[in-house]
Amino acid sequence: MSNLPGKRIVLGVSGGIAAYKAVELASRLVQARAHVDVVMTEAAREFVAPLTFQTITKHPVHGPVFEGWSEQARGHVSLAEEADALVVAPATANTIAKLALGLADDMLSVTHLAATPRGIPFVVAPAMEPHMFQHVATQSHLATLRSRGAQIVGPAHGRLASGAVGLGRMSPPEEIVAALDLALGAAGALSGRRIVVSAGGTQEALDPVRVLTNRSSGKMGYAIAQASLHAGADVTLISTPTGLPVPFGAKLVPVVSALDLLSAVEQHVSGADALIMAAAVADYRPATTADHKIKKHDGPMTVELVRNPDILATVATPGTLRVGFAAETQDIERNARDKLQRKNLDMIVANDARLAMGSDDNAVTIYFRDGRLLEVPTAHKDVVATRIVEAIAELLEPRG
Ligand SMILES: Cc1cc2nc3c(=O)[nH]c(=O)nc-3n(C[C@H](O)[C@H](O)[C@H](O)COP(=O)(O)O)c2cc1C
């Protein structure tokens, strides 16, 4: 689940044309149930009226250090003292320079100086003309901020308001929200852990245009990758083509077939704290893959299938927690417990394949090696994924 609900976010908006996108950013943060305090520079007010932010956040917008100052109505450092995170978006070249130098002549720069020594997440989203961004001064100021723990998001490549094309567009608000969410979870239950998750249904080629596959959507594996990221893990997501957006911060390893998946797991599992095999791996693949499209002919056609390797049985994972999935349509508990033992897993997540595959919701039972079980009733896969990740974090805890 997101780390944003209930968090107090200071959103610093400086004076670039991308200030209008900060409105959407504020809106997304509010929708994520964060409390958002907006601080605008004087230049930012030339681009967007404070009333817009005030209406969206339902809180007064701050600006000059002395404006409406009183001890009760939040002194110059009270915003900083209460903040759980500081985001500056868009960050102009001027504001980036000011923050790097430690100037403190408006509420945004004062809040930065007063808040960041507390070690709160600090996200900076630069937006400016490409030559301003590439200038050695801007680059050195960004390096300074990075060295102090700031997370620099973007800028993105594309067309700028001036008509120039290059590196300088503010990153999309959803990316900034995702980066902030990750930063807020950095000290979470999986902090410092490396998690490898497989997701999606494998595709076994018959010929260049046809595959044998299954109904797995990849949603459960992607939700587990996202929940692991939110809990502070370093996540490698080995995925078949799913069309799902890759969770921000995950390292994607694209695969197609079961054999691809096997070699990707072999390559990435070394040193991982947990391997979570949420992918639906084909048990069989065509014995041969035709070089050209197979032509139809009269009468039935027979395809010979051969066994795919059992990935969890094949890959050596010393010191890695092993989590399997059992998608069954009958005798779910018996099949799951059997697989748990046979594959020497630490835990197995069992679900009814007919309900789980493709759906946004899922209900699962988690069986543990020591005989315990945990029922997770029907809920959105994001919620189920969080429960699974919590269970993994608990199992990892005693391993140090
Ligand atoms: C139309 C217009 C667009 C601008 N866009 C940007 C921009 O995208 N990025 C930037 O760094 N500066 C931009 N500037 C320049 C800043 O507004 C200027 O450097 C200002 O002093 C920034 O103040 P601030 O950092 O306190 O907000 C723009 C100026 C104008 C007039």
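**Lys381.** I looked up Lys381 in this predicted model and found that Lys381 is buried but forms no salt bridge. What I did find is a polar atom of the Lys381 side chain 2.7 Å from the backbone oxygen of Ser359. I noted the location of Lys381 as helix H14, residues 381-396.

**Ligand shell.** I listed 14 residues around the ligand, and those that come nearest are Gly15, Thr41, Thr92, Ala93 and Thr95. Which helix gives the most to this shell? I found that it is helix H4, residues 93-101, with 3 residues. I sorted the shell by residue class and got 7 nonpolar, 7 polar and no charged residues.

A polar backbone atom of Gly15 is 2.6 Å from an oxygen atom of the ligand. For Thr41, an N or O atom of the side chain sits 2.7 Å from a ligand oxygen. For Ala93, a backbone N or O atom is 2.8 Å from an oxygen atom of the ligand. I also looked up the ligand area: taken alone, the ligand exposes 640 Å², and the protein buries 60% of that.

**Cis peptide bonds.** I noted a cis bond between Ala89 and Pro90, with omega about -5°. Pro90 belongs to strand S3, residues 85-91. I noted another cis bond between Gly154 and Pro155, with omega about 5°. Pro155 is placed in the loop between strand S5 (151-152) and strand S6 (156-159).

**Positive phi.** I looked up Lys58, which is not a glycine but has a positive phi of about 65°. Lys58 is in the loop between helix H2 (50-57) and helix H3 (78-82). Is Lys58 buried or exposed? I read a relative accessible area of 64%, so Lys58 is exposed. I made the corresponding entry for Asn344, also not a glycine, with a positive phi of about 55°. Asn344 is in the loop between helix H12 (332-342) and strand S17 (347-352). Its relative accessibility is 43%, so I recorded Asn344 as partly exposed.

Technical notes: Residues are numbered from 1 along each chain as its sequence is written. This is a predicted model: local features need pLDDT of at least 70, side-chain atom pairs count only at pLDDT 80 or more; totals for chains, interfaces and linings use all residues. Side-chain values use heavy atoms; hydrogens and water are left out. A residue is near a molecule or strand if one of its heavy atoms lies within 4 Å of it. A polar contact is a pair of N or O atoms within 3.5 Å; within protein, one must be able to donate a hydrogen and the other to accept it, and residues adjacent in sequence count only if both atoms are side-chain atoms. Accessible areas come from the Shrake-Rupley method with a 1.4 Å probe; for residues, only the protein chains shown count as cover. Helices (H or I, at least four residues) and strands (E, at least two) are DSSP runs, numbered from the N terminus. Ala, Val, Leu, Ile, Met, Phe, Trp, Tyr, Cys and Pro count as nonpolar, Asp, Glu, Lys and Arg as charged, and the others, Gly among them, as polar. Buried means under 20% relative accessible area, exposed over 50%, partly exposed in between (1.4 Å probe, protein chains only). Lys and Arg count as positive and Asp and Glu as negative; His and the chain ends are not counted. A salt bridge is a side-chain nitrogen of Lys or Arg within 4 Å of a carboxyl oxygen of Asp or Glu.
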